[in-house]
Amino acid sequence: MRIVERYTKRMRVFRGSGGWSLLGPLRFVFSAFYGAWSRMTPSPVPTGPSGSGPKIISVGNIEVGGGGKTPCVLAIASALTAGGARPAVVTRGYGSRATREGGALALPGTENCAEDIPAAYTVWEGGREADAARELGDEAVLYIKAGVPLAVDRDRMRGIDVVTRFADPTHVILDDAFHRTTVPKDLDILLLDAERPFGNGRLLPYGTLREGASATARAGAVVFTRATESIVPEKAVRFTEEIPVFFARHEPVALTGRDGGHLAAASLTGSKIALFSGIARHHSFEKTAVGFGLDPEVSFRYDDHHEYTPDDIAAMMDECGPGTVFVTTAKDLVKVAPLIPADTRLLVLEVRMEIDRMEDLLAPVL
């Protein structure tokens, strides 16, 4: 760990060690080649509606990581369920065993259909959340906790087929599939960060963009996340003039302990608080925590989808000392809880995405 910046006058920020930044010059060269190749490659054409069967909703972005895809999928699933629909989710399960070996299915009653699923698939029949994160991916755990039928498969078409056969959904929501242009979709939602809609403006690997800003034209709707006002960012105006636009916010809901109980931020007054997160947008998590009323002294930042080790925990605890209250994200909690001693206070800041005019956003698939 090394100090890289101060977030506030009070809070120190540490970043997990890694050599990615040392590869800057090489990444710049590859980015230039990637950009040239992208400009010469014809823009992909969306395949259009899915036809019979469940309505297919895709949620994705053109920037790598941290666009709010999982909170958006959960918000859409909740809205559909409240309206009497039966949503299911298909996700890649980044870094999971299921992704490496074929796929997995997680829904009530899967033990009754285990013999009928594809040979490459496994059935998740419950267990520790930390095991589910390793087997299915950290985002998958949040869908399971929300009670949403789930298929984990990098082959989105196969995932749609499997979850449709065994869950009989009215809607299938694809997590991170904007770039999957060969998959039929009834609604293709593109998430753009209201603060920086096109990241740093550079393509991978030097930048953060999978595609250039012109890819916005494929979207059926654009949702600006982390929006503080309902105004299209200047850099995105010309790319969204003919596309329905919506605005969303990440709203902190509660501080939750290991036992599921809720705590008020005021109850931690006088306590030493340390944040830690293995996500793409650490700044957003830290800003939300401070806005919720927390007064952290330190924040530890790890790479997105970081696999925590005992050494990571030891380094944080050595830096902070005894009595520290550790606060993290829901996605990180499922991986780190078994590693942190039971007598150490560990809390999660629950965050929910609020999307303005949700009914209008989903109107094409209702």
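This is a predicted model: local features need pLDDT of at least 70, side-chain atom pairs count only at pLDDT 80 or more; totals for chains, interfaces and linings use all residues.
Which residue forms a salt bridge with Arg210?

1. Residues are numbered from 1 along each chain as its sequence is written, and side-chain values use heavy atoms, with hydrogens and water left out.

2. The partner of Arg210 is Asp176, with 2.8 Å between the closest N and O atoms. A salt bridge here is a side-chain nitrogen of Lys or Arg within 4 Å of a carboxyl oxygen of Asp or Glu. Arg210 lies in the loop between strand 9 (187-193) and strand 10 (221-225), while Asp176 sits in the loop between strand 8 and strand 9, 34 residues apart. Strands (E, at least two residues) and helices (H or I, at least four) are DSSP runs, numbered from the N terminus. Both Arg210 and Asp176 are buried, that is, under 20% relative accessible area, where exposed is over 50% and partly exposed is in between (1.4 Å probe, protein chains only).

3. Arg86 and Asp168 also pair through a salt bridge, at 3.5 Å from N to O. Their positions are 82 residues apart: Arg86 in the loop between helix 2 (69-82) and strand 4 (87-91), Asp168 in the loop between helix 6 (156-167) and strand 8 (171-175). Arg86 is partly exposed, at 41% relative accessibility.

4. Arg352 and Glu354 form another salt bridge, their closest N and O atoms being 2.8 Å apart. Arg352 is partly exposed at 45%, and Glu354 is partly exposed at 29%.

5. Across the whole structure, the search finds 22 salt bridges.
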